[in-house]
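Reader: Can you walk me through this one? I'd like to start with pockets, then look at the strands.

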Amino acid sequence: MNLTMFRTKYLFLFFLSILCVCGEKPVKQTQSDLYLGIDKVSYLTGKFNSPGPLAPVILEENAKEHFLRPDVKKALHKMINDFEDSKPSSYKQHIFLVSSFRNFSHQKGIWESKYSGKKAMRVPIAGKSPEEIINLILEFSSAPGTSRHHWGTDFDLNALDNAYFESNGKGKILYDWLKENASRYGFCQPYSPLSTRNHKGYQEEKWHWSYAPISNQLTKEWVKSFQSGEIKLIGSFMGAEVLGDRALDYVRSINPDCEKISSQNL
């Protein structure tokens, strides 16, 4: 092939490729985007590692690095900036992260340290049945594969102590502001008082916040996948057989205010 023929053929293929690309319809968002390109069940149960598809979040100098979904990180930064601009000048507390994404292995370590008695809980586990031990763990800790922290949508703020956010606590002004404004950025407190959740699920956690436009979808997908048998927990951690189908109640029993938040009303 001489040089002229080569150039002609090259230019033809070049312009043909441009026409093909320009003529395509915009790609619609698919369900795989919900799982950031990861297998659905792996994503829902936290069986992937950070950073992976998640974004690093550092809110304090020399602080531990945290990971959240990029869309959650963006909304969180906007909320933090607005809180800093609107809070009283005399108020010295800032929003910072205590915990964020946790994969299956991390959650398994937390769960099994409590189940085995290595980590103390509200009362000692000596002499208690597996059922009683699990009931104690489930006051505040999720079983591996069931935690909202697997999704990169949820995080714990400032202190893992309700008293910090109440009455004379240092976080009272912050908590009041969050209750009033967090939904504007897509966030809600999933574990509200038990009385608002038919007395089912975990105890209230004023420190735990969730990006509802995404976590609402993931909650529904987790429930469907568990009920269909795609998500299997038995045999994957200590006490899974005893937990059984009660996992559903703990995943589903969420503050009803979370369901009122969607991407359309942000």
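Author: A term to settle before the pockets: a pocket here is an open set of grid points with protein on both sides within 12 Å along at least five of seven lines. Its volume is the space filled by probe spheres set on the points. Also, this is a predicted model.

Reader: Fine. What volume does the second largest pocket have?

Author: About 220 Å³. Of the 15 residues that line it, Lys 179, Cys 188, Gln 189, Asn 255 and Asp 257 are the closest to its centre.

Reader: Which elements give two or more residues to that lining?

Author: Those are α7 (172-181) and β5 (187-188). By class, the lining of the second largest pocket has 8 nonpolar, 5 polar and 2 charged residues.

Reader: And the largest pocket, what is its volume?

Author: The largest pocket comes to about 360 Å³. It has 21 lining residues, with Arg 102, Phe 140, Ser 141, Asp 156 and Leu 160 nearest its centre. Two or more residues come from each of β3 (97-99) and α5 (104-115).

Reader: Which element gives the most?

Author: α5, with 4 residues in the lining of the largest pocket.

Reader: How does that lining split by class?

Author: There are 7 nonpolar, 8 polar and 6 charged residues lining the largest pocket.

Reader: You listed Asp 156 near the centre. What is its bridge partner?

Author: Asp 156 sits in β4 and is bridged to Ser 99. β3 and β4 pair over 2 bridges, in the antiparallel sense.

Reader: Which way do the residues of β4 point?

Author: In β4 (residues 154-157), Asp 154 and Asp 156 point one way, while Phe 155 and Leu 157 point the other way.

Reader: Are those four buried or exposed?

Author: All are buried, which means each has under 20% relative accessible area.

Reader: How many bridges join β4 to β6?

Author: β4 and β6 (residues 208-211) are joined by 3 bridges and run antiparallel. In one of these strands, β6, Trp 209 is the bridge partner of Phe 155.

Reader: Zooming out, how many helices and strands are there?

Author: The protein has 10 helices and 6 strands. It is 266 residues long, and 46% of them count as buried.

Reader: What share of the contacts is between residues 24 or more positions apart?

Author: 68%, taken over contacts with a separation of 6 or more.

Technical notes. Residues numbered from 1 in each chain as written. Predicted model: local features only at pLDDT ≥ 70, side-chain atom pairs only at ≥ 80, totals over all residues. Heavy atoms only, no water. 1 Å grid on protein atoms, 1.4 Å probe; cavity = no way out; pocket = protein on both sides within 12 Å on 5 of 7 lines; lining within 4 Å. Nonpolar A, V, L, I, M, F, W, Y, C, P; charged D, E, K, R; others polar. Buried < 20%, exposed > 50% of the residue type's maximum accessible area, 1.4 Å probe, protein only. Pairing = 2+ DSSP bridges. Contact = heavy atoms within 4.5 Å.
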